[in-house]
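Thanks, everyone. Let me put the chain up on the screen, and then we can go through it piece by piece.

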Amino acid sequence: MEKIKIPTATAKRLPLYYRYLIILNEAGKEKVSSTELSEAVQVDSASIRRDFSYFGALGKRGYGYDVKSLLSFFKKILNQDTLTNVALVGVGNLGHALLNYNFKRTNNIRISCAFDIDDKITGKILSGVPVYDMSELKKQLSDQQISIAILTVPSTTAQKTADDMVEAGIKGIMNFTPIRLSAPSGIRIQNVDLATELQTLIYFLDSDKKK
């Protein structure tokens, strides 16, 4: 399939659309309008039509979108038929929670290995995932040909650990640490800052009270 360049905001919304289309398909619904999608996924219908327009004519005016066709299309776009193995680096409280979760609601992503310095858990299998000592990081990432990692180590070691991961072939990092990592061009870093997200939510709630 030809590579389509789309905005980051659109790319983030595609899994939302896909998950809702699965629900519609399982319910036996044959077509859906952008208005219906808008109400379900909380994205305005104009944005949905614009998002879909990047991929050509996916629907018909006055008819809406065919659920099965749209589901099949996004399944290919999102590589739902390809299993992606992900490494978890840092098995503290958050790391443990991610291991237990392990993307059970998706069928194409799984944490296949984890790394930590705690000898109480290294060399063991937690939630079905082997936990290696950090000294084995480069070798295991390279041997297992893993290109995506979740980083949940302490801030003091985040940059050094990220450097080691990149050296071992990691191309994408989901960064749960508060540190803004530096990396060579071509390495994608997705920052997940729970404190910032909560502060943003609190701000909007306070603003709503003042209206």
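Which residue just after α7 takes a positive phi? Gly169 does, at about 110 degrees. Before going on, the ground rules. This is a predicted model, in which local features need pLDDT of at least 70, side-chain atom pairs count only at pLDDT 80 or more, and totals for chains, interfaces and linings use all residues. Residues are numbered from 1 along each chain as its sequence is written, and side-chain values use heavy atoms, with hydrogens and water left out.

Now the whole chain. The protein chain has eight helices and 10 strands. Those are DSSP runs numbered from the N terminus: helices are H or I with at least four residues, strands are E with at least two. The C-alpha atoms fill a box of roughly 60 × 50 × 35 Å along the principal axes. There are 211 residues, and 35% of them count as buried. Buried means under 20% relative accessible area, exposed means over 50%, and partly exposed is in between, with a 1.4 Å probe and protein chains only. Take contacts, meaning heavy atoms within 4.5 Å. Among those between residues at least 6 apart in sequence, 55% join residues at least 24 apart.

Back to α7. Helix α7 covers residues 155-167, 13 residues in total. From first C-alpha to last, α7 reaches 19 Å, close to the expected 18 Å. The expected span is 1.5 Å times one less than the number of residues. Its buried residues are Ala158, Thr161, Ala162, Asp164 and Met165. They pack against β4 (84-89), α6 (137-143), β8 (148-151) and β9 (172-175).

Next, α1, residues 8-26. Its 19 residues should span 27 Å, and the end C-alpha atoms are 29 Å apart, which agrees. Buried here are Thr10, Arg13, Leu14, Tyr17, Tyr18, Leu21 and Leu24. Their cover includes β1 (31-32), α2 (34-41), α3 (45-53) and α4 (67-77). After α1 comes Gly28, with a positive phi near 85 degrees.

On to the annotations. UniProt, in an unreviewed entry, lists residues 16-55 as "DNA-binding region". UniProt positions follow the numbering used here, feature names are shortened, and annotations may be inferred rather than shown by experiment. Over residues 16-55 the chain is 70% helix and 5% strand, with the end C-alpha atoms 16 Å apart.

The unreviewed entry also carries a "binding site" annotation, covering Gly90, Val91, Gly92, Asn93, Leu94 and Gly95. Take two of these. Val91 is in the loop between β4 and α5 (93-101). Val91 counts as buried because its relative accessibility is 5%. Leaving aside neighbours within four places in sequence, its contacts are His96, Leu99, Ala114, Phe115, Asp116, Ile121, Leu126 and Val131. Gly95 lies in helix α5. At 1% relative accessibility, Gly95 counts as buried too. Not counting residues up to four places away, Gly95 touches Leu88, Gly90 and Thr152.

Last, backbone angles. Most residues other than glycine have a negative phi. Where does Gln42 sit? Gln42 is in the loop between α2 and α3, and its phi is positive, near 60 degrees. Gln42 counts as exposed, since its relative accessibility is 69%. Gln145 lies in the loop between α6 and β8. Gln145 is not a glycine, yet has a positive phi of about 55 degrees. At 70% relative accessibility, Gln145 counts as exposed.
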